[in-house]
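Me: I have a model open and want to learn how to read a few local features. Can we walk through some residues together?

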Amino acid sequence: MTGDMTKFYMLIETESGQVTFGGNTKEKIIETGKVGKNPSSCIDNVMFVERLAYNLLSISQPCD
């Protein structure tokens with residue numbers, strides 16, 4: 001997840017979904033896409049969440 005739209009190589013608008021953070025606050029997932037400089041070195045299925053202060057990456061995602 002990231003809150004920085006400039007990190008994306010490609011974005012696709014998402015119809016629904018939200019993320020729950022500590023303190024039980026919730027934010028809507030705006031778009032999903034690929035993060036990286038080019039298609040051969042991208043991370044797929046990254047969620048763009050407004051007002052997210054940090055870029056978060058699940059360690060299991062690169063392992064899959």
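Me: Start with a contact. Which side chains does a polar contact of 2.5 Å join?
Reply: A polar contact is a pair of N or O atoms within 3.5 Å; within protein, one must be able to donate a hydrogen and the other to accept it, and residues adjacent in sequence count only if both atoms are side-chain atoms. Here the side chains of Asp4 and Thr6 are joined by one of 2.5 Å.

Me: What should I know about the source?
Reply: This is a predicted model: local features need pLDDT of at least 70, side-chain atom pairs count only at pLDDT 80 or more, and totals for chains, interfaces and linings use all residues. Residues are numbered from 1 along each chain as its sequence is written, and side-chain values use heavy atoms, with hydrogens and water left out.

Me: Where does Asp4 lie?
Reply: Helices (H or I, at least four residues) and strands (E, at least two) are DSSP runs, numbered from the N terminus. Asp4 sits in the segment before strand S1 (8-13). In sequence, Asp4 and Asn55 are 51 residues apart. In space, their C-alpha atoms are 7.9 Å apart.

Me: How is accessibility classed for Asp4?
Reply: Buried means under 20% relative accessible area, exposed over 50%, partly exposed in between (1.4 Å probe, protein chains only). Asp4 has 28%, so Asp4 is partly exposed.

Me: What is the phi of Asn45?
Reply: Near 55 degrees, a positive value in a residue other than glycine. Asn45 belongs to strand S4 (residues 43-49). Asn45 counts as exposed because its relative accessibility is 64%.

Me: And what is the phi of Arg51?
Reply: Near 65 degrees, a positive value in a residue other than glycine. Arg51 is in the loop between S4 and helix H1 (60-63). Its relative accessibility is 70%, so Arg51 counts as exposed.
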